[in-house]
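Subject: Structure handover

Hello,

The sequence and structure are below, and my notes on them follow. Please read the notes with the model open.

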Amino acid sequence: MQRVTLENLTDYARHVIEAAESNADSYPITSTVRLPGLGLTVHAGHGPLADAVKQAFVGAPDSQAPCADCRIFVAHPGIGAIPEPAAWGQGHFTPQSFASKLADAGLRGSYFHDLDFWQFYDPDRRVGAQLMRSADSFPPWEPGAPLRAFLHWEYAARGMRLAHAGTLGIGGKGILLAGAGGSGKSGTVVAGLLNGLDSVGDDYVLTDIVDGVTAYPLFATLKQDPKGFRRLGLQHRLKSRGPLNWQGKHQFLLENIAVQTTPARLDIVALLVPSIGGSGVSSIMSLSRKDAMIALAPSGIAQMPGERESGFRFFGELTRLLPCYRLSLGTRPEEIAGTISEFLARGNA
């Protein structure tokens, strides 16, 4: 098996992209989705990841544009003459040195050792390749937000960012919800959706900080652990559901529970950091930008390969542009949604 080190990493990245492209006619599935400012075409083989790609995205309206076109090849042996993925050699590996070596050559990439799972992207040509051992040999988190690394690299090159945050809004105006796992972020998004608020997504949303802060939808996936699933009454609404995901959570789509169609964008007016409160009533109090930055930035940067320094600058500027609050959560979904709705209606964000 071929071994990759920092010395031959750039050559290997170009070899993988070239092999993926040169076998373009051999992929049995080609799907295209229109995302904010981007036409994404995915070439893939049959399998669970190709199925996830078909339903994971929220398509942008045709009125949004102009669009640039991006092509991603989800490749593995068995598709044309796609080679077996190489393994990392004996040389020292750090994500920083890996990303830096590729960036010096104008490329982006990531590597998951356990599966020899490679992702390489050429942002100048907007062409990427994901090389796997087989159609089902991918990290367990990949189906929930497939190809997110490629979207991260593409939008980062435009000065935008995938934020690890939830969103809620009404009338085109919205809030970002940031916090670590277990803080109540995803449950708050679901509570709002069930009670008439809008959302452009949870977990990963596209954010821009030109002319204020704007959030756009990319992924349609929502998640809830079994306890939250029952508390929110979702077992009565989602009768047909698959097995729990790799985190032991139920996974479903925005369209399964949203009252309204997913909006094309939300103009973000505040950053809220939820926490599980001790009372039955929700409350919103001012929060320092430092604490808001700590809630927002680290997870979003850690979960995206490369672009770390630009990520900290982006999220630092985002928290500077927004008033920041702590949201102490009550116990009833409708009361939580009502508190956020009143907060937005007061316009004191």
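A residue is called buried when its relative accessible area is under 20%, exposed when it is over 50%, and partly exposed in between (1.4 Å probe, protein chains only). By that rule, buried residues make up 55% of the 349 residues in the chain.

This is a predicted model, so local features need pLDDT of at least 70 and side-chain atom pairs count only at pLDDT 80 or more, while totals for chains, interfaces and linings use all residues. Residues are numbered from 1 along each chain as its sequence is written, and side-chain values use heavy atoms, with hydrogens and water left out.

Overall shape

The chain has a radius of gyration of 20 Å, which agrees with the value near 20 Å for a compact globule of 349 residues. That radius is taken over C-alpha atoms, and the globule rule is 2.2 Å times the number of residues to the power 0.38. Along the principal axes, the C-alpha atoms fill a box of roughly 60 × 45 × 40 Å. The accessible surface comes to about 14,800 Å², and 50% of it belongs to carbon and sulfur atoms; areas come from the Shrake-Rupley method with a 1.4 Å probe, and for residues only the protein chains shown count as cover.

The secondary structure comes to 11 helices and 18 strands. These are DSSP runs numbered from the N terminus: helices are H or I with at least four residues, strands are E with at least two. Of the contacts (heavy atoms within 4.5 Å) between residues at least 6 apart in sequence, 74% join residues at least 24 apart.

Helix α9

Helix α9 covers residues 289-302 and reaches 20 Å from its first C-alpha to its last, close to the 20 Å expected. The expected span is 1.5 Å times one less than the number of residues. Its buried residues include A292, M293, L296 and I301. The buried residues of α9 pack against β16 (266-276), α10 (308-321) and β18 (324-329).

Aromatic pairs

A search of the whole structure finds 20 aromatic pairs. Rings of Phe, Tyr and Trp (its six-membered ring) pair if their centres lie within 6.5 Å; planes under 30 degrees apart count as stacked, over 60 as edge-to-face and the rest as tilted. Y12 and F120 form an edge-to-face pair, at 6.0 Å centre to centre and 80° between the planes. Y12 lies in helix α1 (residues 9-22) and F120 in strand β7 (residues 117-122), so the pair ties together parts 108 residues apart in sequence. Both Y12 and F120 are buried.

Y121 and W153 are stacked, at 6.5 Å and 15°. This pair links strand β7 to helix α4 (residues 148-156), 32 residues apart. The relative accessible area is 0% for Y121 and 1% for W153. One aromatic cluster is formed by Y12, W88, F93, F98, Y111, W118 and F120.

Salt bridges

There are 12 salt bridges, each a side-chain nitrogen of Lys or Arg within 4 Å of a carboxyl oxygen of Asp or Glu. R71 and E21 meet in one of them at 2.8 Å, N to O. R71 is in strand β4 (residues 68-75) and E21 in helix α1, so the pair ties together parts 50 residues apart in sequence. R71 is partly exposed, at 33% relative accessibility.

D203 and K223 form a salt bridge at 2.7 Å, N to O, and D203 and K223 are both buried. D267 and R265 also meet in a salt bridge, at 2.7 Å. D267 is partly exposed at 34%, and R265 is partly exposed at 38%. Salt bridges that share partners join K185, D202, D203 and K223 into one network.

Regards
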